[in-house]
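Biologist: Before we rely on any of the labels attached to this assembly, I would like to go through them with you and ask on what grounds each one is given.

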2 protein chains.
Amino acid sequence: MAQTTVAAQLAETGRMDGGDPCSSCPLGPVSLCRSLPEAERQELLALQATVRLGGHETLFNEGDPALHVFIPLAGAVKLYKMMPDGRRQITGFFFRGDLFGFSAGTVHTTTAEAIVPCVLCRLPVARLEGLLTRAPVLERLVWGRALASLARFEEQVLLLGRKSAPEKLASFLTGISDRAVARGDVASPVLVPMGRADIADYLGLTIETVSRTLTRFRHEGLIDLPRPGTMVLRDAARLRRLADGLDTLG
Amino acid sequence: MAQTTVAAQLAETGRMDGGDPCSSCPLGPVSLCRSLPEAERQELLALQATVRLGGHETLFNEGDPALHVFIPLAGAVKLYKMMPDGRRQITGFFFRGDLFGFSAGTVHTTTAEAIVPCVLCRLPVARLEGLLTRAPVLERLVWGRALASLARFEEQVLLLGRKSAPEKLASFLTGISDRAVARGDVASPVLVPMGRADIADYLGLTIETVSRTLTRFRHEGLIDLPRPGTMVLRDAARLRRLADGLDTLG
DNA sequence: CGCTGCTTTGATCCTCATCAAGCGCAGTGG
DNA sequence: CCACTGCGCTTGATGAGGATCAAAGCAGCG
């Protein structure tokens with residue numbers, strides 16, 4: 001199968017949606033626009049393009065020119081790095097309102113792939129940079145997102161380096177739930193659109209260990225798995241203690 | 001022992017070195033000042049203070065107000081997070097010219113501790129932010145440092161999540177060497193001022209595994225350990241292949 | 001109905017953690 | 001000058017947590 005990325009397609013064809021995207025923007029409080037002065041908001045809107053992505057479709061590959069940053073309006077995206085022998089490490093999941101695609105150099109250091117069909121807000125970095133110097137409010141917002149990424153990486157590094165499998169899963173579940181709350185969704189029936197393989201590659205485990213640990217959680221009454229893609233946190237407090245190593249299973 | 005941090009002391013006393021620090025600045029090409037327009041350079045210089053730190057002294061603790069960012073002029077610093085039961089994960093090592101101390105919120109998310117006696121350039125974030133909006137060249141430099149941190153975290157996440165012990169150590173050694181080259185030092189007799197415990201807590205291993213793996217490297221002719229604190233990379237090419245999972249030991 | 005892909009469950013193995021000495025060296029004091 | 005001691009590193013023996021190998025549910029779907 002030919003692996004042309006959507007970003008590449010769009011770059012070539014110049015296709016983008018017209019119209020008035022921000023008025024129909026579902027981001028609400030997590031939007032970059034919402035709290036901007038009208039002038040800055042208009043300038044940002046002028047840069048914006050909407051991108052649609054099918055499930056499992058690749059947005060950009062590691063090594064592609066880093067021309068845009070993205071914000072999911074709907075759907076979910078994963079970023080990952082691969083080793084030559086096929087080992088994979090997912091570096092982050094991105095949901096509605098999350099900003100991703102920053103790069104230190106001129107190329108992306110990870111691959112971005114849609115977990116489910118997505119609608120993304122796309123911003124060209126070159127023009128965004130120019131805007132940032134003129135729009136201090138926006139600049140602070142973007143800085144905040146970048147620094148939040150750093151803080152999440154620190155947590156992920158602690159998780160990967162020092163936590164046991166149950167602690168990793170407990171951290172993952174409470175983290176997903178906290179992020180849902182932060183963007184205005186409910187804490188407990190939490191949407192987990194990614195499969196076991198993605199969870200495993202995010203937590204530095206195998207799918208078997210993820211599966212086994214989740215069934216242990218279920219037997220302990222910590223969670224419910226009513227249907228694939230949704231998880232119910234039945235005892236979030238204990239999950240949090242587990243995540244911090246203050247409690248253990250059985 | 002009372003754990004007053006140096007940063008706290010300085011904040012209280014307001015003590016800082018006067019004089020002309022940048023003219024004696026040993027950073028050279030890794031300096032933030034070097035390539036700035038004179039006006040911006042002067043403003044940055046006005047914010048700067050020099051901090052001296054004894055070995056193993058704490059610069060700031062996780063949870064302390066995040067008032068400054070720092071650049072080592074000499075010495076080495078480690079940042080780490082602790083779990084309630086004492087497990088420790090080092091999130092990064094910082095050498096001459098590296099910028100650290102960014103924080104998403106108002107408090108530090110890690111503890112910073114000197115590995116050896118240090119001299120640090122200290123910049124107050126509040127005033128630095130104001131300067132950044134007026135000094136676009138400096139702003140781009142600082143952005144670049146922040147994005148470089150993100151890229152290094154991605155690598156560390158891959159390392160912790162998916163690499164074996166020998167791969168981790170090979171990555172560590174080549175990484176240390178590459179950073180030495182980037183700041184103008186030699187690639188091979190590389191200074192490794194941190195002890196085995198620090199290396200272990202950085203790589204998600206134990207000191208025993210670090211020690212054993214290094215002796216295997218030595219027996220394979222990959223490295224030499226002439227004296228504590230210095231390592232010679234005898235076969236950097238093979239170390240790199242090891243780091244990428246393209247080669248194995250014995 | 002029989003695929004196909006994902007998840008669960010089971011049996012076995014292996015890497016690395018844990019537990020426990022032993023070593024080398026610097027500092028200290030007799 | 002040399003035991004004594006403390007610390008960091010190395011080395012050895014054992015064990016556990018999670019990986020690997022294997023197979024069996026369990027949908028959705030053509």
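Biologist: Which residues does Arg179(B) touch, not counting residues up to four places away in sequence?

Modeller: In this predicted model, Arg179(B) touches Phe93(B), Phe94(B), Phe95(B), Asp98(B) and Arg152(B). Arg179(B) itself is found in helix 5 of chain B, which spans residues 165-182.

Biologist: Why is Arg179(B) called buried?

Modeller: The relative accessible area of Arg179(B) is 19%, and the term buried applies under 20%, so Arg179(B) is buried by that cut-off.

Biologist: Turning to the two protein chains, how much area do chain A and chain B bury between them?

Modeller: The size of an interface is often given as the accessible area lost when the parts come together. For chain A and chain B that area is about 3,900 Å², with 66% of it on carbon and sulfur atoms. Within chain A, the residues that lose the most area to chain B are Trp143(A), Glu154(A) and Arg162(A), which together make up 20% of what that side buries. Counted by contacts, 47 residues of chain A meet 47 residues of chain B.

Biologist: Which elements of chain A supply at least two residues each to the side that touches chain B?

Modeller: They are strand 5 (88-94), helix 3 (125-134), helix 4 (136-162) and helix 6 (196-203) of chain A. Helix 4 of chain A gives the most, with 19 residues. Sorted by class, this side of chain A has 21 nonpolar, 12 polar and 14 charged residues.

Biologist: How do you know that Arg196(A) makes a polar contact with DNA strand C?

Modeller: A polar side-chain atom of Arg196(A) lies 2.8 Å from a phosphate oxygen of DNA strand C, and the cut-off is 3.5 Å, so the pair counts as a polar contact. The bases of DNA strand C are approached too: a polar side-chain atom of Glu208(B) lies 3.0 Å from a base nitrogen, and one of Arg212(B) lies 2.9 Å from a base oxygen. Helix 7 (207-219) of chain A and helix 7 (207-219) of chain B are the elements that give two or more residues to the surface near DNA strand C. The largest share, 4 residues, comes from helix 7 of chain A.

Biologist: Which residues come nearest to DNA strand D, and which side chains are placed against its phosphate oxygens?

Modeller: Of the 14 residues around DNA strand D, the nearest are Ala165(A), Thr209(A), Ser211(B), Arg212(B) and Thr215(B). Sugar and phosphate account for 64% of the atoms of DNA strand D that come within 4 Å of the protein. An N or O atom in the side chain of Arg196(B) is 2.8 Å from a phosphate oxygen of DNA strand D, and for Ser211(B) the corresponding distance is 2.7 Å. A base oxygen of DNA strand D is 2.9 Å from an N or O atom in the side chain of Arg212(A).

Biologist: Which helix gives the largest share of the surface near DNA strand D?

Modeller: Helix 7 of chain B does, with 4 residues. By class, the surface near DNA strand D has 2 nonpolar, 7 polar and 5 charged residues.

Key
Residues numbered from 1 in each chain as written. Chains lettered and ligands numbered in written order. Predicted model: local features only at pLDDT ≥ 70, side-chain atom pairs only at ≥ 80, totals over all residues. Heavy atoms only, no water. Polar contact = N/O pair within 3.5 Å; in protein donor to acceptor, adjacent residues only side chain to side chain. Contact = heavy atoms within 4.5 Å. Buried area = accessible area lost by both parts, 1.4 Å probe. Nonpolar A, V, L, I, M, F, W, Y, C, P; charged D, E, K, R; others polar. Near = heavy atom within 4 Å. Buried < 20%, exposed > 50% of the residue type's maximum accessible area, 1.4 Å probe, protein only.
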